[in-house]
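Okay, thanks for coming, everyone.

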Amino acid sequence: MSETEHSDGNSSTRKQVVAGTGKAMKSRLKDKWILITGASSGFGAAAARLFAGHEAKLLLGARRIDRLKKVAAEARKAGAREAHCHKLDVSQTSSVKAFVEWARTKTSQVDVLINNAGGALGADTVAEGKDEDWETMLQTNVLGVLRMTRAVLPLIPPRRRQLHYQYGLFRRAHGL
Ligand SMILES: NC(=O)c1ccc[n+]([C@@H]2O[C@H](COP(=O)([O-])OP(=O)(O)OC[C@H]3O[C@@H](n4cnc5c(N)ncnc54)[C@H](OP(=O)(O)O)[C@@H]3O)[C@@H](O)[C@H]2O)c1
């Protein structure tokens, strides 16, 4: 099996090809619902484009809705079976609840949750660190992951429970 990339200048899709046949293989992610937080830029937007190339169905969240809409449009162009977006602030429990209620209007099942929203604020030493930066990072990078995971878990079938947490760290999370 090999992987090829097709590009039309604006977007690209990846297809796995069965060796020697040139025939495209169906991706395991085809038609799977993938929820990505922090999808308006950076890794989150890149993940949306990548999974679009696997013909997945995407639920995208972040605070900047204009950017999210663009990423959703690019994802549809790149092959996503569906790509929807909605405002999400993972530092607010009420926003997380509203987002998941909206997600439930699109699907009753989420196959993959990618807790990507967050960032690093300030490059100060601890001696010069600011409470404001620490509090924002904890609210987003730590509590945001817990809030999202708690809210989305009921939509993830128990046998599929895998937690993707920022920057490629992956762990199986049976029994979460
Ligand atoms: N780049 C690196 O080298 C690196 C290294 C280690 C870890 N990481 C982690 O990887 C993740 C993505 O990083 P990146 O480099 O792609 O950063 P980025 O381009 O700044 O993207 C961060 C994303 O998170 C969203 N976000 C931030 N706060 C949010 C909130 N309260 N609620 C919802 N969405 C929020 C942003 O969207 P909105 O502003 O539109 O809400 C944006 O889509 C971050 O969690 C970061 O900490 C990155």
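By class, the shell around the ligand has 13 polar, eight nonpolar and four charged residues. Here Ala, Val, Leu, Ile, Met, Phe, Trp, Tyr, Cys and Pro count as nonpolar, Asp, Glu, Lys and Arg as charged, and the others, Gly among them, as polar. Bear in mind this is a predicted model: local features need pLDDT of at least 70, side-chain atom pairs count only at pLDDT 80 or more, and totals for chains, interfaces and linings use all residues. Residues are numbered from 1 along each chain as its sequence is written.

So who's in that shell? 25 residues surround the ligand, and the closest are Gly38, Gly42, Arg63, Arg64 and Gly118; being near means that a residue's C-beta atom, placed from the backbone, lies within 6 Å. Helix H1 (42-52) and helix H4 (131-152) are the elements giving two or more residues. H1 provides the largest share, three residues. Helices (H or I, at least four residues) and strands (E, at least two) are DSSP runs, numbered from the N terminus.

Now, strand E4, residues 33-37. Is it buried or exposed? Five of its five residues are buried, meaning 20 or more other C-beta atoms within 10 Å of a residue's own, with C-beta atoms placed from the backbone. Trp33, Leu35 and Thr37 point one way, Ile34 and Ile36 the other. In a regular strand the side chains alternate between the two faces of the sheet.

What about neighbours? E4 pairs in the parallel sense with strand E5 (residues 57-62) over five bridges; pairing takes at least two DSSP bridges. Isoleucine 34 sits opposite leucine 58 in E5. E4 also pairs in the parallel sense with strand E7 (residues 112-115), over three bridges.

Definitions and conventions. A residue is buried if 20 or more other C-beta atoms lie within 10 Å of its own, exposed if 12 or fewer, and partly exposed in between; C-beta atoms are placed from the backbone.
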